[in-house]
Structures are given as structure tokens and as C-alpha cells.
Amino acid sequence: MSKCLEFNGKNVDQAIEKASDELSIPPEKIKHEVLAYGSSGIFGLVGVKKAKIKVFIEEEKNRTVRTGQADRKKEAVRFEKTTASDGTHDLVVPRKHDEELLASGIRALKKIVDGITTGASVDATEEKNKLLFSISGGDSGVLIGKRGQTLEAIQFLLEKMINKKSTNRMRILVDVEGYLNKRKSNLRLMASRMAEKAKRTKKPITIGQMNAHDRRIVHIHLKDENGVRTQSIGEGYYRKLMIFPKKQGGTRRGNSDTKA
């Protein structure tokens, strides 16, 4: 006896992946019928339609299928508990889904990197809801690019590729030879210098050509700095960070806008 269930997604592949996660069935073994292929609409804003599939399930005596299980237990999609060998406490360990994301991410990043330079290796670790990919070897200068723009583009592409396969959105970071920590340290030093200049000249300082991640580092670093406040102004490519001197004798306030 078979049972039919319907699943939605941005596209057919995502609908199949959703069914796979909820029913604990490998995607390649899911018997389905496409009811609607979905549409991205106009510029992804107007007329967007989700894909819909009908999944046929062979019911077994000892098997129960519960619809909506994945939505009610989102955390269970990514983690499960197991008891330690001494039986004293529980350990949270990544499920196979996470291991597959890491493996597919490493393969995708290696392919991108190999198209830019040779002799580079890729490794990855997971920290909470963040996947950190590390690149070593090869031409690090080319991979990083001017002001980290090439690295930022690589990270953007990898994030899109991984989250397309993940039911839970993951934050992706790509590092090259410890560049991220060096960049953070340099940004903090620069922010401190600019803050002192703003206080000394009593004039606002504008810092342009920074991505959202870098702007956030500066905002956080100067959050408790006496005598200045930070604010991001503008939109898109023209968005800039400004450091304003506070008026003497005024009430001390935190940064007016820490949104990168």
C-alpha cells in the first residue's frame, strides 16, 4: 500500500531535498511526480511560484510518516543527541547532513580555487551555525585580491552553492592563510586612528570601499569608544561608514547605527 505526500520548494530539487530530510529517504530513492516546476517571476520579486511535487511512499508495518515533522523540529535536521560512553551526559554531534555539506563545500571551493591558482589545498570546520573553509598554498595574493575583493567574491559564490543544498541557512566564511584575522586586526587599528582624528579635528571621517563584514568590525570596535559614534550611510556599492565626533558636554550615547 502506498501513500502520497506533497512538498514545496523554490525548485524541484529543493522540494525533493525537503522530502528527503523529512522522510529520511535518500533523494535518489524518492519516487515522485512533479505537480509544478515553479517560477522565479520577474527579477525574483513578482509572480514567484514554488515548485510542488507528489511523493509516493510505500508504507511498512513498523514505519510511521509524520507530515510537518521537519518544521516542528528544525534543530533535529542538523543535530542529534547521543549518550557518552560513561552514560553521564549527552553529546551533540553533527548528523550526516552536515558532513555532506562540508564535503560538497570543500569540493566546490577546490574547483573554484583550482581555476584561479595551482597547488592550493582546502579544509573545513564547523562552528555552531557557521562553516569555516581554509585555503592554504597556491598564490594567496591572487586568491585574496585587492582589499579582499576576490576572496569576498569566492565566499559569496560558495555561500550560494551550499545554502542551495541546505534546509537551514548556514553562514559561510572563507579564509586564506589566516587573512581574516590579519584583516580584522588591521581594521581595528585603522578604526582607532580614524576615531582619534575625528576627535582631534572635531570633524566627521568617512571610510569608503568596505564590505558589510568589515564595516561591522569597525562598528563593534568603536561601540564603546568615548567621544565618537559610527554610522553607515548610503545604499549598495555607495554605502560608507562615517565616524562622528560627539559634542563635548553632551550625554554619552552608544553608536547610533551598528548595522553594517
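Q: Before we get to strands, what counts as a strand here?
A: Strands are DSSP runs of E, at least two residues, numbered from the N terminus. The model itself is predicted.

Q: Fine. Which residues of β3 are on the covered face, and which on the uncovered one?
A: Strand β3 covers residues 51–58. Ala51, Ile53, Val55 and Ile57 make up the covered face, while Lys52, Lys54, Phe56 and Glu58 make up the uncovered one.

Q: In what sense do β2 and β3 pair, parallel or antiparallel?
A: Antiparallel, over five bridges, with β2 spanning residues 31–36. Glutamate 33 stands opposite lysine 54 of β3, and Lys54 belongs to the uncovered face of that strand.

Q: Switching to β8. Why is it largely enclosed?
A: Five of the six residues in β8 (171–176) are buried, so the rest of the structure largely encloses this strand.

Q: And how many bridges does β8 share with β7?
A: Six, in the parallel sense, with β7 at residues 130–137. Isoleucine 135 has valine 176 of β8 as its bridge partner.

Q: Now the open sheet. What's the strand order?
A: The order is β9-β11-β10, three strands with antiparallel pairing. The edge strands are β9 (205–207) and β10 (228–233), each pairing on one side only.

Q: By how many degrees are neighbouring strands of this sheet turned against each other?
A: On average by 20°, ignoring direction.

Q: How many bridges join β9 to β11?
A: Three, and the two strands run antiparallel, with β11 at residues 240–245. Isoleucine 205 has isoleucine 243 in β11 as its bridge partner.

Technical notes:
Residues numbered from 1 in each chain as written. Predicted model: local features only at pLDDT ≥ 70, side-chain atom pairs only at ≥ 80, totals over all residues. Heavy atoms only, no water. Buried < 20%, exposed > 50% of the residue type's maximum accessible area, 1.4 Å probe, protein only. Helix = DSSP H or I, 4+ residues; strand = E, 2+ residues; numbered from the N terminus. Pairing = 2+ DSSP bridges. Axes fitted to C-alpha atoms, helices over the stretch in contact; angles between N-to-C directions.
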